[in-house]
Structure formats: structure tokens, C-alpha cells
Amino acid sequence: MKTFALLLLLLPSLAAAAPVPEASLREALRDAARRALPDTIVEVEIHGLRTRGTVDLPEGVEPELRVRGDGDWLGHVAAKIEVFGGGEPLGTLQVTMDVAGWVEVPVTRSPLARGSAIRSGDLAMARREVGGLARGTVSDPTALLGRVLKKDLGFGDLLCEGDLEEPVD
């Protein structure tokens with residue numbers, strides 16, 4: 001009977017608590033990644049968020065989340081989220097996730113033939129995931145102007161140093 005009475009006493013406090021909303025976790029993690037990454041990253045996406053531990057928020061309390069992470073904020077990332085409510089610490093969550101960063105890079109606006117000199121009208125800017133960029137991808141469109149192509153390029157192709165003749169001074 002005592003156990004049942006204790007359970008009845010705890011029941012209202014359990015019903016009034018709620019876990020930290022996943023949307024709040026994702027927003028805090030995106031903000032932390034943006035602060036840790038260079039300004040060239042124009043967008044950050046969080047995928048495969050996995051949380052270890054639980055922190056229950058008292059009813060009506062808006063969580064304040066402080067994210068701590070070490071190392072590179074691209075790829076597979078582990079972080080700690082300290083949860084506060086009303087200025088008081090409520091607990092810590094351990095999270096792992098995959099972070100994708102996006103940059104703006106020049107691409108071809110239309111197919112270009114080998115031997116062509118690149119003009120400003122030949123280029124457009126496109127958003128691409130950092131992890132999918134080839135080594136030597138040129139990110140500054142002004143560095144491409146006047147350069148001559150070593151090979152044919154199609155619509156929307158990235159431009160890499162290996163695709164270009166050496167610049168003529």
C-alpha cells in the first residue's frame with residue numbers, strides 16, 4: 001500500500017515533465033556548428049541525431065541549451081548539451097550526429113569546350129555540400145576569369161584547378 005501511495009505522489013510530477021524537444025536540440029546544434037565553422041559555410045544540416053540520456057523539463061519551462069563539442073564540426077560529430085531551465089542546471093545530454101556543411105561555388109552555366117577562355121557569363125553560383133567537392137575546386141569566380149579549359153565541361157560542372165591551363169600573367 002505504501003508503494004502505491006508513493007507512486008500516486010510521484011505521478012503528477014512525472015506528468016508535468018516533458019523531454020527537451022528535438023527541434024530545440026537541432027537548432028542549438030546547428031547554431032553551434034555555424035559558430036565553429038568558417039564563414040564560407042552558408043548552410044548547416046544535422047542528420048542522424050542520436051541522443052543518450054534524458055532530461056525532463058518542468059511544465060512551462062523553456063530550455064536553455066549550451067552545446068560543447070571538440071574538433072571538426074563536419075562529418076560525424078559528438079557533443080554534449082547542458083540543459084538549463086529557469087537558470088538552474090537540469091542535466092546533460094550526449095549526442096552524436098552527422099553534420100553537412102554547404103558552400104557557394106562557381107559552376108558552368110552551359111557546356112564549355114576545351115580551349116575556351118572563361119568569361120563571367122559562363123559562370124553561375126551554386127550551393128554544394130563540402131563533403132562532395134573535389135580536391136582543387138575553385139571557390140572564387142574571379143580567379144577563373146580568362147582561364148583556359150583543358151577539357152570539355154557540361155552544364156553545372158564544378159571547376160577545378162586540374163581542369164584549367166595555368167594563368168597567363
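Trainee: Is Asp122 buried or exposed?
Mentor: Buried, at a relative accessible area of 7%. Buried means under 20%, exposed over 50%, partly exposed in between (1.4 Å probe, protein chains only). This is a predicted model: local features need pLDDT of at least 70, side-chain atom pairs count only at pLDDT 80 or more, and totals for chains, interfaces and linings use all residues. Residues are numbered from 1 along each chain as its sequence is written, and side-chain values use heavy atoms, with hydrogens and water left out.

Trainee: Where is Asp122 found?
Mentor: In the loop between S6 and strand S7 (123-129). Helices (H or I, at least four residues) and strands (E, at least two) are DSSP runs, numbered from the N terminus.

Trainee: What is Asp122 in contact with, leaving aside neighbours within four places in sequence?
Mentor: Val107, Thr108, Arg109, Ser110, Leu112 and Ala117. Contact means heavy atoms within 4.5 Å.

Trainee: New topic. Which residues of H2 are buried?
Mentor: Leu25, Ala28, Leu29, Ala32 and Ala33. They sit on the same side of H2, because their arc around the axis is only 135 degrees. That arc is taken from the directions from the helix axis to the C-beta atoms.

Trainee: And which exposed residues are on the face turned away?
Mentor: Ala23 and Arg35.

Trainee: What covers the buried residues of H2?
Mentor: The cover includes S2, S4, S5 and S6.

Trainee: What does Trp73 touch, leaving aside neighbours within four places in sequence?
Mentor: Its contacts include Leu29, Ala32 and Ala33 from that buried set. Val67, Met97 and Val99 are also among them.
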